[in-house]
Structure formats: structure tokens, C-alpha cells
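Me: I am new to this structure and would like to learn how to read it. Could you take me through its features one at a time, giving the general idea before the case?

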Amino acid sequence: MSDIEFPDALIALERAAWEEHQAGRLTVATANAVQDAITAHAEAAGLSRYTVEMALKKAVRHAEG
């Protein structure tokens, strides 16, 4: 898994977005909330937004058991 530590709220947002996506009901509001949170976390951690987004998706979508 990633070396990036994610706040629980960011994990929860990505999980909600992933569940909505899988159900075919992802909303613009949910997608924007996730992107805003990713951007804020990346800026606070001094990381690229892309790196944070990819690590977050991997942590949520491909979580170990």
C-alpha cells in the first residue's frame, strides 16, 4: 500500500464516490468533494495532487483484506 497517510474523512469520501460510481449514480457534488479534498491534502502534504489521487484510489479500491 501507499506510504501516504490519509485522514479518515478523505478515505470515507473516496469510498462513497467509488460506491456511487459502481452503482452508476456518481454525482458531480460527490466527485467535486473528493477532488477538493485530494487537492487540499496534497497541498498540505507538499505532494502532487496526481500522486495523492492515485494512492488514495489504490488504498480504497484495492485495499488489502
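Reply: Let us begin with the terms: helices (H or I, at least four residues) are DSSP runs, numbered from the N terminus, and an axis is a line fitted to C-alpha atoms, for helices over the stretch in contact, with angles running from 0 to 180 degrees between N-to-C directions. This is a predicted model, in which local features need pLDDT of at least 70 and side-chain atom pairs count only at pLDDT 80 or more, while totals for chains, interfaces and linings use all residues. Residues are numbered from 1 along each chain as its sequence is written, and side-chain values use heavy atoms, with hydrogens and water left out.

Me: At what angle do the axes of helix α1 and helix α2 cross?

Reply: Two packed helices are described by the angle between their axes and the distance between the axes. Here the axes of α1 (residues 8–22) and α2 (residues 28–45) cross at roughly 150 degrees and come within 9 Å. Angles under 35 degrees count as roughly parallel, over 145 as roughly antiparallel, 65 to 115 as roughly perpendicular and the rest as oblique, and α1 and α2 are therefore roughly antiparallel to each other.

Me: Is the crossing of α1 and α2 left-handed or right-handed?

Reply: A crossing is left-handed if the near helix is turned anticlockwise from the far one by less than a right angle, and right-handed if clockwise. The crossing of α1 and α2 is left-handed. Contact means heavy atoms within 4.5 Å, and α1 brings Leu10, Leu13, Glu14, Ala17 and Glu20 to this contact, while α2 brings Thr30, Ala33, Val34, Ala37, Ile38 and His41.

Me: How many residues of the contact of α1 with α2 are nonpolar, polar and charged?

Reply: For such a count, Ala, Val, Leu, Ile, Met, Phe, Trp, Tyr, Cys and Pro count as nonpolar, Asp, Glu, Lys and Arg as charged, and the others, Gly among them, as polar. The contact of α1 with α2 divides into seven nonpolar, two polar and two charged residues.

Me: How do the axes of α1 and α3 cross?

Reply: The axes of α1 and α3 cross at roughly 70 degrees and come within 10 Å, and that makes α1 roughly perpendicular to α3. Leu10, Ile11, Glu14, Arg15 and Trp18 of α1 make the contact with Leu56, Lys57, Val60 and Arg61 of α3. By class, this contact has five nonpolar, no polar and four charged residues.

Me: Which residues is Glu14 in contact with, leaving aside its neighbours within four places in sequence?

Reply: Glu14, whose place is in helix α1, is in contact with Val34, Leu56, Lys57, Val60 and Arg61 once those neighbours are left aside. Glu14 is buried, with a relative accessible area of 3%.

Me: What about α2 and α3, and is their crossing left-handed or right-handed?

Reply: The axes of α2 and α3 come within 8 Å and cross at roughly 120 degrees, and these two helices are therefore oblique to each other. The crossing of α2 and α3 is right-handed. Gln35, Ile38, Thr39, His41 and Ala42 in α2 meet Arg49, Val52, Glu53 and Leu56 in α3, and by class that contact has four nonpolar, three polar and two charged residues.

Me: Which residues touch the most other members of the largest nonpolar core?

Reply: In soluble globular proteins, nonpolar side chains tend to be buried together. A nonpolar core is a set of buried Ala, Val, Leu, Ile, Met, Phe, Trp, Tyr and Cys residues joined through side-chain atoms within 4.5 Å. Of the 13 residues in the largest one, Ile4, Phe6, Leu10, Ile11, Ile38, Val52 and Leu56 touch the most other members. Helices α1, α2 and α3 (49–61) each supply at least two residues of this core, and α3 gives the most, with five residues.

Technical notes. Buried < 20%, exposed > 50% of the residue type's maximum accessible area, 1.4 Å probe, protein only.
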